[in-house]
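Please look over the sequence and the structure shown below. The paragraphs that follow lead through selected features step by step.

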Amino acid sequence: MQIEPFALERWLARHEHDAEVNLGDSGVRALAADRFDLDPGRLGYVVPTNGDPDLRARIGERYGRGADEVVVTCGTQEANLLAVLSVVDPDSHVVVVTPTYQSLPSLPAAFGEVTCVELSPPDWDLDPDDVADAVRPETDLVILNNPNNPTGRYHPQETVEAIYDVAADADAYLLCDEVYRPLAAPDERVDPAASLGPRGISTCGLSKGWGLPGCRIGWLAGPPELVETAWEWKDYTTIAPPAVGQHVAGQAIDREADILAENRANAAENRALLASFVDNHGLDWHRPAGVTGFVTVPDRFDSGEEFCLSLVEEGVVVVPGETFDRPEYFRIGFGVETDVLREGLDRIGVVVESG
């Protein structure tokens with residue numbers, strides 16, 4: 001088995017640590033630890049190792065599923081890995097909607113064959129017929145990220161339902177990474193994949209929308225037989241979720257309405273600020289649902305990487321579009337504190353306007 005180097009993570013590893021202004025991350029600003037009780041009592045294994053039954057039941061409610069249809073994981077990344085391990089084998093074919101977070105195509109490509117269906121700029125629309133055309137008799141999994149990272153496109157209800165039907169008709173599963181879904185207002189949210197039927201799998205977690213990446217808590221929700229298989233694979237990955245993280249997760253879910261309202265308000269203020277910057281500098285983007293903007297590179301630069309290296313010299317880190325196979329774009333994370341974003345945009349503006 002071989003897997004591609006994770007281009008995004010390697011870029012951030014090289015440049016993020018010493019950045020004066022970090023706009024490379026893709027979530028909202030991390031919440032202060034002192035807002036939570038961090039003492040779980042004893043630092044033993046979480047038992048059962050698929051997560052506390054009460055926590056799993058509370059997570060399952062948002063998908064119309066029970067506790068036995070949820071496994072708690074070490075972040076959404078592990079949830080996606082477990083889903084792939086549970087479905088994909090060397091004879092499998094997988095359809096992935098791209099551009100997207102690199103692990104979503106790279107993980108299944110390490111085990112089976114992958115066909116990518118490209119979103120169409122500038123609005124990054126998805127045509128379900130394109131997914132249907134990519135499906136083969138041996139297709140076992142269709143993967144969608146909604147809202148999308150990096151573009152911020154939130155595919156509407158009818159599109160997701162149509163993609164689910166394509167997967168189900170092929171006896172495949174639809175895996176939907178929904179880690180940015182909490183940032184949408186409750187009345188704007190598209191139904192999660194796990195609620196659409198027996199072939200739907202949803203992954204999510206507390207990192208991006210909740211501002212709790214250090215908790216390392218995510219989850220997979222789906223049909224019980226697949227969730228059981230995912231738990232069996234988890235015995236060989238992280239065994240159990242972290243005790244402190246799960247302890248904080250319960251508190252965060254208790255305060256869900258307040259935390260998410262606060263984070264959505266911060267995202268909305270910053271989104272408007274970034275929109276003004278994009279317009280004022282003659283750039284282009286799709287106004288995003290999450291907290292990542294995928295913005296066109298200024299004309300005088302030959303590539304996203306050239307532009308982003310120029311920003312590094314100004315003390316700002318964003319992500320070149322090459323990490324998403326789109327060198328004409330760069331990704332900027334705007335979920336930070338508003339004053340940090342203002343400082344970063346001022347520095348980016350200097351580079352855009354120079355020369």
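**A buried charge and its surroundings**

Glutamate 78 has a relative accessible area of 6% and is therefore buried, since buried means under 20%. The model discussed here is a predicted one. Side chains of opposite charge can pair when their charged atoms come close. Glutamate 78 has such a partner: with lysine 234 it forms a salt bridge, in which the closest N and O atoms are 3.1 Å apart. Because glutamate 78 belongs to helix α3 and lysine 234 to helix α7 (residues 224-234), the pair ties together parts that are 156 residues apart in sequence. Lysine 234 is likewise buried, with a relative accessible area of 0%.

In total, 13 salt bridges are counted. One of them joins glutamate 69 to arginine 65, with 2.8 Å between the closest N and O atoms. Glutamate 69 counts as buried at a relative accessible area of 15%, and arginine 65 is buried at 12%. Arginine 136 and glutamate 138 also meet through their side chains in a salt bridge, at 3.6 Å from N to O. Here arginine 136 is partly exposed, at 28%, and glutamate 138 is partly exposed as well, at 31%.

Helices α1 (7-15) and α3 (75-87) each supply at least two residues of the lining, and α3 gives the most, with four residues.

Another buried residue is leucine 107, at 11% relative accessibility. Leucine 107 lies in helix α4 (residues 103-109). Although 102 residues separate leucine 107 from proline 5 in sequence, the two are 11 Å apart in space, C-alpha to C-alpha.

Valine 244 is part of helix α8 (residues 243-254) and counts as partly exposed, at 32% relative accessibility.

Finally, helix α9 (residues 256-280) contains 25 residues. From its first C-alpha to its last, α9 reaches 36 Å, close to the 36 Å expected at 1.5 Å a residue. Just after α9, glycine 282 takes a positive phi of about 65°.

Terms used. Residues numbered from 1 in each chain as written. Predicted model: local features only at pLDDT ≥ 70, side-chain atom pairs only at ≥ 80, totals over all residues. Heavy atoms only, no water. Buried < 20%, exposed > 50% of the residue type's maximum accessible area, 1.4 Å probe, protein only. Expected span 1.5 Å × (residues − 1). Salt bridge = Lys/Arg side-chain N within 4 Å of Asp/Glu carboxyl O.
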